[in-house]
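Please keep the sequence and the structure in view while reading.

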Amino acid sequence: MCGHKRNLTDQQIRALIQKNSFIGLTFYPPFITEKKIALVEDLASHIDHIGSLGGIEHVGFGSDFDGIDQTIQGLSSPADYDALINWLLKRYDENIVRGIAGENFARFWRDTRRFF
């Protein structure tokens, strides 16, 4: 998807899915696209790709707003989540969007916290 060395490979994504893990998508543009400006569509392509590998129930927002100096156009803070979610609802089923917006992480946390 994007050639940044910190991005996961398909093999790593599949391993996380197999372990029933959570994959948080960062909103840091250099991790999302090699273009100068990152768009919500670029973030969605990562969601699509993870979904194509069987991980739509494992992916969600990781944002990293607290540690990034660049943002996706139109997605510069958590205040923009409503616009992002509304954009996702135009593309994905509501249950998928609910998962991406938080339910996937909540399920992961509920299922794994007993191990801590």
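## The largest pocket

A pocket is here an open set of grid points with protein on both sides within 12 Å along at least five of seven lines. The model examined is a predicted one, and its largest pocket has a volume of about 490 Å³. Of the 20 residues that line this pocket, the closest to its centre are Arg6, Asn7, Leu8, Leu25 and Thr26.

Several elements contribute to the lining of the largest pocket, with at least two residues supplied by each of the helices α1 (10–18), α2 (29–32) and α3 (40–52), and likewise by each of the strands β1 (23–26) and β2 (59–63). By class, the residues of this lining divide into ten nonpolar, seven polar and three charged.

## Packing of α3 against α4

Two packed helices are described by the angle between their axes and by the distance between those axes. For α3 and helix α4, which comprises residues 81–89, the angle is about 60° and the axes lie 11 Å apart; the two helices are therefore oblique to each other. Their crossing is right-handed.

On the α3 side, the residues that take part in the contact are Val40, Glu41, Leu43, Ala44 and Ile47, and they meet Leu84, Trp87 and Leu88 in α4. The residues of this contact divide into seven nonpolar, no polar and one charged.

## Packing of α4 against α5

Helix α4 also packs with helix α5 (residues 94–112), at an angle of about 150° and with the axes 9 Å apart. Here too the crossing is described as right-handed, with α4 passing α5.

The contact brings Ile85, Leu88 and Leu89 of α4 together with Glu94, Val97, Ile100 and Ala101 of α5, and by class it has six nonpolar, no polar and one charged residues.

Key: Residues numbered from 1 in each chain as written. Predicted model: local features only at pLDDT ≥ 70, side-chain atom pairs only at ≥ 80, totals over all residues. Heavy atoms only, no water. 1 Å grid on protein atoms, 1.4 Å probe; cavity = no way out; pocket = protein on both sides within 12 Å on 5 of 7 lines; lining within 4 Å. Points joined across faces, edges and corners; volume = space filled by probe spheres on them. Helix = DSSP H or I, 4+ residues; strand = E, 2+ residues; numbered from the N terminus. Nonpolar A, V, L, I, M, F, W, Y, C, P; charged D, E, K, R; others polar. Axes fitted to C-alpha atoms, helices over the stretch in contact; angles between N-to-C directions. Parallel < 35°, antiparallel > 145°, perpendicular 65-115°, else oblique. Left-handed = near helix turned anticlockwise from the far one by under 90°. Contact = heavy atoms within 4.5 Å.
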